[in-house]
Amino acid sequence: SIPPLLGRILMDSVTNKTKKSPPLHEFYGETHQIVKVFNWLIVAILMGLAIGVVYELYIRNIFVARWLGVALLPVLASLYFVHLRRIEWVAAFLAVVIISLITVVATSGRGIRQIGVIAHPVILMVASLVIQRRVMVFLTLYSIACAAWLVFGEIWGLYAPQIPSNVTPGEFWMVAVVLV
């Protein structure tokens, strides 16, 4: 059920049979330092999500609170993969989880004009520090697909943002160019 190109990209990153990338420590220092940084990053994300759950419950936004709570589980699970030193996997996984979460929250909020959408390029830039080019292509395309959902989903009436707007296809192209 996985498209052939996506399957090849994922398998190449898993088996690393294609051109091997140098070990992360050649770029970023000792492996234990990288693990320490990723552990702190994940703890910061977990704290942010937990604070978000409490705040969204306080303002009675149950939908967003539920999704923030659900996102806690895969982020927590990523600590295990950091322990296994699967840093590239963790970075890609966290990027997909956070981009998906932002898209779901934006769908229930202001759509493409949700302030959190600005994090898409930041997530891609941070992930690019430790992820191979092929996986970055997938992440960029995924982020563009999420932006397409936010723009065209509103245009075609697939969801209604909290504050109705007159979104245009041009906004999608602006976002896509920024993400690329």
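**Arginine 60.** I looked up arginine 60 in this predicted model and found arginine 60 in the loop between H3 and H4. I took helices (H or I, at least four residues) and strands (E, at least two) as DSSP runs, numbered from the N terminus. Phi of arginine 60 is near 65°, a positive value in a residue other than glycine. Arginine 60 is exposed, at 73% relative accessible area. My cut-offs: buried is under 20% relative accessible area, exposed over 50%, partly exposed in between (1.4 Å probe, protein chains only).

**Arginine 85.** I checked the loop between H4 and H5, where arginine 85 lies. Its phi is near 70°, again positive in a residue other than glycine. Arginine 85 is partly exposed, with a relative accessible area of 45%.

**Source notes.** Residues count from 1 along each chain as its sequence is written, and side-chain values use heavy atoms, with hydrogens and water left out. Local features need pLDDT of at least 70 and side-chain atom pairs count only at pLDDT 80 or more, while totals for chains, interfaces and linings use all residues.

**H3 against H4.** I turned to helix H3 (residues 31-58) and helix H4 (residues 62-83). They pack at an angle of about 165°, with axes 9 Å apart. That makes H3 roughly antiparallel to H4. Axes are lines fitted to C-alpha atoms, for helices over the stretch in contact, and angles run from 0 to 180 degrees between N-to-C directions. Angles under 35 degrees count as roughly parallel, over 145 as roughly antiparallel, 65 to 115 as roughly perpendicular and the rest as oblique. I noted the residues in contact (heavy atoms within 4.5 Å). On H3 they include Val35, Phe38, Ile42 and Glu56; on H4, Leu68, Gly69, Leu72 and Val82 are among them. By class, I read 19 nonpolar, four polar and one charged residues in this contact. Ala, Val, Leu, Ile, Met, Phe, Trp, Tyr, Cys and Pro count as nonpolar, Asp, Glu, Lys and Arg as charged, and the others, Gly among them, as polar.

**Isoleucine 102.** I found isoleucine 102 in helix H5 (residues 87-108). Isoleucine 102 is buried, at 14% relative accessible area. Leaving out residues up to four places away in sequence, isoleucine 102 touches Gly116, Val117, Ala119, His120 and Ile123.

**Whole chain.** I listed eight helices and zero strands. Of the 180 residues, 38% count as buried. Among contacts between residues at least 6 apart in sequence, 65% join residues at least 24 apart.
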